[in-house]
Amino acid sequence: MPPVSPGNPAHPCWWARVRSQWQWYGPQWKYCLAVLGPVCLAYLIIRIIPIVDTAWMSLHNWSLVKPVRPFIGLDNYVKLAGDPLFRMALYNTTLFAVVTVPVTLVLAFTVAVLLDRPMRGRLENVYKFLFFLPVVPTMVPVSVVWKWIYDPSYGILNYALGFLGVPPQGWLIDSRLAIWAIILMTVWKSVGYYMVLFLVGLKDIPVDYYEAAGIDGATAWQRLTQITIPLMRPMLLFNVVIATIFACNVFAQVYVMTEGPQGSPANPVRVIVMDMYENGFRYLKMGYASAEAMVLLLIVFALTVFEFRFLRPKV
Amino acid sequence: MTTWRWIRTGIVAAALLACLVAPLAATAGQPVKLTLWSGYPEMKPYFDAAAKFYNELHPNVTIEVSTFPLRDIERKYAVSLPTNSGPDIAESHIYIAQMHIENGSLVPNPPEVTTFLKSGVFHPLFVSDSSWQNTVYGVPVLFSLDSLLYNTQMFKEAGLSAPPKNWDEMLSMGKKLTKYDAQGNVTRSGLGLRLFGAGSGVAAKWWYFLKSAGGDLFEECTPKSGKYRAAYDNEAGRDTLKLYIDALYKHKIHEPKLKQDAEGFANQQAAMFVRESWLVGYMKKNAPAVQYAVAPLPAGKKTNTLLFWTNVYVTRSSKQPKEAWDFVMFMANGPKLKELEQILYNTVGWMPPRNDVAKRHPNIYSEVPQYKYFAEVPKTYELYAYPRLAVTDEAFTKLAERLVKAYQDKSLLDNPTGIAKAIHEAAEETNEILKENKLYCGK
């Protein structure tokens, strides 16, 4: 107990109360400050200040190469609302997120559940390794490899589909297929990552629950829906939030797959970060790109709040 | 006393001389490091050799050459030059350099460099189009005309003896050169066209044909007004889009699923296509067995071709501009000029930009006949350069996306209204870009 309660008339001044608490809790406060201070400072420098700076830039006609950057209020945001390329990017990003997040997570969860059991000859570890393998290389080399896989003339995908009688497809050059080709590659690359996270969650569920359910005659489906899924809610929430953030920030694979004469047309796969990059670093309109970044921040923030609200474990 | 006076005078003179010479000697001996960036990776052997030759003459000066893909370097310049963190020497095409010239990131040429450029050593267009507000910026380092490359073996097989001279011949020869499988799918394009890929490339390639048709990306409303409008919402623009749509869907002489551009030509998936001389180096490296020749661009309503070149600029970032200019002039007019030009011809494929190159390489066209039409302008041909407004890249890139969409729209075949609409909407967007940058003059 601190010696002074907030309402103690002996110390009417708030500063005196703080000082008194500091004296009482001193070592704990100092420890907290010492441990959290650098982290908070780093967070302030690499996150908060750039965000505030971006918000400030978004209110200016900020060209990367022009020294004069007049204040224009919300003009960039007004222009964004009427920009067909931004709307296209918003649509594609939404489509990308709406498809990749559930498909990836359902696949990852299914694989994790299937591999969360001992197999003959410890085969489960081989499968885990194989599923995790695509996560190891970074997105750029993986995208380059998939660009080759999707190549309409020499790509292995068309070659394989040829055996099934499917005619060669322009996976990246056909406007209708391009976004789906990128979604497929992203799902393939991400499943292993979420699988590992789900496996960690599954390991935390006590075996006793399943044994008790087995004694009570619960089927495998009932064990999954009544034990596994409810107890995995915190991990599920984490994965949904992370996957949504990643999906909204999709860029590298789109950039690589649209690059060069054999690349995909850009507009059918234009996503928000790509549009932001084009406006910022190609057309040098940093103010406009910053406005897009702020809109994306708000979208991701709103989605995260929404996901926390609906997916957090019910106590 | 007199002797002492002489000694005293001698000491003072020696001290004064030492004061004058010491800084020079120190500078001469001090290590100097220059950086050079280029957006043309194939130019690395040339710049490396120039750096090596220069270092042999000036052992204290080292030049670090870095090359990047074109799109990457445009971004690198955009973030580094305005903040004075760029290289000492930047190689760039004029339409990318223009914005950096306008904001002072690239410095004007010293008078002696300008005098050299204007001495008749270079084509006048190099100098006039490298000037802004009566000041010349940069020194040309490579050049090429845009020309038609055609596979001579395929021409022979198709019974064709000469390249096309105009659009009609190009389409009819394209048909003869195209190969189809049993299902009627194109397995070899008669005419390779650039249809995809992000960036400005698709529009730039379309623009060559637009220029032949008599159109342009922009036109200045009245001479020297500094105000512009899109110059393709007209018959030329519609004809050019129709040319592509007809090639794809009526004559079926190009297949989008085949490799495009240089890769398609090198893989023998295209019989003809339009490009610059760097293809000579590319083909030598990647497809030495392919037999090809080069011809002037087939004429549309106009007989013209693009004069493409890049300049090397000294940047405001440079801490040693004197040495940087000295190196630039070493490349343009130094004692190793012939050797450097030889590297361009033998390894790189881009061509030396000086007019007097034939004096030093009299046999180049007999050794590499492909260079002839990349270098020599036929008498009837008019030359033009890239538009040099700072918004050119944005206009090209946005036009490219509209063209990509149009190329995939089969309903545009025999649909003049659809073509006119597509062209009009694209031109409106170009005008919007001009408006946004206060460069628009109205219709």
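## Chain A: fold

In what order do the elements of chain A run from the N terminus on? They run α-α-α-α-α-α-α-α-α-α-α-α-α. Chain A has 13 helices and 0 strands. Helices (H or I, at least four residues) and strands (E, at least two) are DSSP runs, numbered from the N terminus.

This is a predicted model: local features need pLDDT of at least 70, side-chain atom pairs count only at pLDDT 80 or more, and totals for chains, interfaces and linings use all residues. Residues are numbered from 1 along each chain as its sequence is written, while chains are lettered from A and ligands numbered from 1 in the order in which they are written.

## Chain A: dimensions and packing

The radius of gyration of chain A is 26 Å, whereas a compact globule of 315 residues would come near 20 Å. The radius is taken over C-alpha atoms, and the globule rule is 2.2 Å times the number of residues to the power 0.38. Along its principal axes, the C-alpha trace of chain A spans about 90 × 75 × 30 Å.

Of the 315 residues in chain A, 32% are buried. Buried means that 20 or more other C-beta atoms, placed from the backbone, lie within 10 Å of the residue's own. Take the contacts in chain A between residues at least 6 apart in sequence: 66% join residues at least 24 apart. Two residues are in contact if their C-beta atoms, placed from the backbone, lie within 7 Å.

## Chain B: two domains

Chain B is assigned domain 1 (31-143 + 308-372) and domain 2 (147-307 + 381-436). These bounds come from an automatic or database domain assignment. The C-alpha centres of the two domains of chain B lie 29 Å apart.

Their contact takes 23 residues from domain 1 of chain B and 22 residues from domain 2 of chain B. On the domain 1 side, the elements giving two or more residues are α4 (94-102), β14 (304-314) and α14 (337-348) of chain B. α4(B) gives the most, with 6 residues. By class, this side has 14 nonpolar, 5 polar and 4 charged residues. Ala, Val, Leu, Ile, Met, Phe, Trp, Tyr, Cys and Pro count as nonpolar, Asp, Glu, Lys and Arg as charged, and the others, Gly among them, as polar.

## Where chain B meets chain A

Chain B puts 26 residues in contact with 24 residues of chain A. On the chain B side, α3 (70-80), α4, α11 (261-266) and α18 (392-407) of chain B each give two or more residues. α18(B) gives the most, with 6 residues. This side of chain B has 9 nonpolar, 7 polar and 10 charged residues.

Note on methods. A residue is buried if 20 or more other C-beta atoms lie within 10 Å of its own, exposed if 12 or fewer, and partly exposed in between; C-beta atoms are placed from the backbone.
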